[in-house]
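Please open the model in a viewer and keep the sequence beside it. The stops below say what to select next and what is found there.

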Amino acid sequence: MLADKALELIRELDRTKSGQMPPFNEDVIRHVLEEMNALFEQNQNDANATAAGDFEKFNGIQLRHATLQRNKRCLLAYLYNRIMRIRGMRWEFGSILPANIRSTMCEPEFDHLNRYHKMQLHSYHQFFRVGHGARLVELELKPSK
């Protein structure tokens, strides 16, 4: 059935407990992308036929387009939720994640984690610049009278 594999990705994330990360499911993602390419090619062919005057294929175009949009939403939701879990784990475990979590991540997720860590470190340093917050080492603490 259309869009079943994309929904499987969402269910997989939903079944895992918070604080855990399922392995990156590259095979299912590849299958969904292949399905999307096939649907897009069918839509292009039918759209060309519709432009030539064959309006019987219009409903099929709409159905495939809705399926493409659903697949896209499911893929984006899967990737977004994985990134949000990784960010949450970064704050929970620190800058070095445990080996069991790192083994479930793909290379782009590692890259994102490193960029996120650098961005957070940079904004932390920017916040504690002179004039933008308290520099704790330069405070003059006088006892109250």
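Leaving aside its neighbours within four places in sequence, which residues is L97 in contact with? Select L97 together with M89, R90, R102, M105 and L113, for these are the residues that L97 contacts beyond four places in sequence, contact being heavy atoms within 4.5 Å. The model is predicted, with local features needing pLDDT of at least 70 and side-chain atom pairs counting only at pLDDT 80 or more, while totals for chains, interfaces and linings use all residues. Residues are numbered from 1 along each chain as its sequence is written, and side-chain values use heavy atoms, with hydrogens and water left out.

**Stop 1: around L97**

L97 is found in the loop between α3 and α4 (99-102). L97 is buried, with a relative accessible area of 3%; buried means under 20% relative accessible area, exposed over 50% and partly exposed in between (1.4 Å probe, protein chains only).

**Stop 2: the whole chain**

Now colour the chain by secondary structure. The protein chain has 5 helices and 0 strands, and its pattern along the sequence is α-α-α-α-α. Helices (H or I, at least four residues) and strands (E, at least two) are DSSP runs, numbered from the N terminus. Of the 145 residues of the protein chain, 29% count as buried. Among contacts with a separation of 6 or more, 64% are between residues 24 or more positions apart.

**Stop 3: α1 against α3**

Two packed helices are described by the angle between their axes and the distance between the axes. Select residues 4-15 for helix α1 and residues 58-93 for helix α3. Their axes come within 8 Å and cross at roughly 25 degrees. Axes are lines fitted to C-alpha atoms, for helices over the stretch in contact, and angles run from 0 to 180 degrees between N-to-C directions. The helices α1 and α3 are therefore roughly parallel to each other; angles under 35 degrees count as roughly parallel, over 145 as roughly antiparallel, 65 to 115 as roughly perpendicular and the rest as oblique.

The crossing of α1 past α3 is left-handed, a term used if the near helix is turned anticlockwise from the far one by less than a right angle, with clockwise giving right-handed. To show the contact, select A6, L7, L9, I10, E12 and L13 in α1, then R70, N71, C74, L75, A77, Y78, N81, R82 and R85 in α3. The residues of this contact divide into 9 nonpolar, 2 polar and 4 charged. Here Ala, Val, Leu, Ile, Met, Phe, Trp, Tyr, Cys and Pro count as nonpolar, Asp, Glu, Lys and Arg as charged, and the others, Gly among them, as polar.

Centre the view on L9 of helix α1. L9 is buried, with a relative accessible area of 0%. Not counting residues up to four places away in sequence, L9 touches N25, V28, I29, L75 and Y78.

**Stop 4: the aromatic pair**

How many aromatic pairs does the structure hold? There is 1 aromatic pair. Select F24 and Y78: their ring centres are 6.2 Å apart and their planes at 40 degrees, so the pair is tilted. Rings of Phe, Tyr and Trp (its six-membered ring) pair if their centres lie within 6.5 Å, and planes under 30 degrees apart count as stacked, over 60 as edge-to-face and the rest as tilted. F24 lies in the loop between α1 and α2 (26-51) and Y78 in helix α3, so the pair ties together parts that are 54 residues apart in sequence. F24 is partly exposed at 23% relative accessible area, whereas Y78 is buried at 0%.

**Stop 5: α2 against α3**

Next, show α2 with α3, whose axes come within 9 Å and cross at roughly 155 degrees. That makes α2 roughly antiparallel to α3. The crossing of α2 past α3 is left-handed. Residues to select include I29, L33, M36 and F40 of α2 and I61, L68, L75 and Y78 of α3. By class, the contact of α2 with α3 has 12 nonpolar, 7 polar and 4 charged residues.

**Stop 6: T67 and A3**

Finally, select T67 in helix α3. T67 counts as buried at 7% relative accessibility. Apart from neighbours within four places in sequence, T67 is in contact with L2, A3, E35 and L39. Move to A3, in the segment before α1. A3 counts as buried at 3% relative accessibility, and A3 has a positive phi of about 70 degrees although it is not a glycine.
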